Amino acid sequence: MDPAQDSAPEPARPYSDPHTGIEAPPPGLRIVRPAGDLDRDTAPALRLQLLHTIEQDGVDTVVIDCSKVRFCDSSGLNAILRARLIAVETGVDLRLAALPPQLSRLLAVTGADGVLSVDETPVATGDPSMRAADSMQSTDGSGDHKE
């Protein structure tokens, strides 16, 4: 087996509780679900939410579910990269999931795709207590990119 494969973290996957049959996230997983634009107006709130989530007791994985992100600029990417540094320092695995095409291109163009872990699909969970932020709307609440 390739040693590089041994060190790659497994994507966070939900599991079924055998007693209730309810699908629940693994212990230690927190999900942040931003929505709308990740830009200079919303990046500070995203950064604070990520830092708060990373620093919670018992958290070992934080997944940023990007399935509702419409647009991300350098400010949004910077918030994610700064949170990644804190996560690395504290031993927390920070992952992105369900990237929209624009964010995927931004990561590729900037080279950030080489340092950020990305899962193709969002983490499914019916347990709202595990969600760090159900959604973070753009400041105008529309979720549309402001030109």
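Predicted model: local features only at pLDDT ≥ 70, side-chain atom pairs only at ≥ 80, totals over all residues.
Local features require pLDDT of at least 70 and side-chain atom pairs pLDDT 80 or more, whereas totals for chains, interfaces and linings use all residues. Residues are numbered from 1 along each chain, and side-chain values use heavy atoms, without hydrogens or water.

Helices (DSSP runs of H or I, at least four residues) and strands (E, at least two) are numbered from the N terminus. The axes of α2 and α3, lines fitted to C-alpha atoms over the stretch in contact, come within 9 Å and cross at roughly 15°. The two helices are therefore roughly parallel to each other (angles under 35 degrees). Contacts (heavy atoms within 4.5 Å) join α2 residues including Leu 46, Leu 50 and Ile 54 to α3 residues including Ala 79, Ala 83 and Ile 86. The residues of this contact comprise 10 nonpolar, three polar and two charged, with Ala, Val, Leu, Ile, Met, Phe, Trp, Tyr, Cys and Pro counted as nonpolar, Asp, Glu, Lys and Arg as charged, and the others, Gly among them, as polar.

In helix α4 (residues 101-110), Leu 103, Leu 106 and Leu 107 are buried (under 20% relative accessible area, 1.4 Å probe, protein chains only). These residues cover an arc of only 95° around the axis, which puts them on the same side of α4; the arc is that of the directions from the helix axis to the C-beta atoms. The buried residues of α4 pack against β5 (68-72), α3 (74-90), β6 (93-97) and β7 (117-119). Pro 101, Arg 105 and Val 109, on the face turned away from the buried side, are exposed (over 50%). Just after α4, Gly 111 takes a positive phi of about 85°.

Key: Axes fitted to C-alpha atoms, helices over the stretch in contact; angles between N-to-C directions. Parallel < 35°, antiparallel > 145°, perpendicular 65-115°, else oblique.
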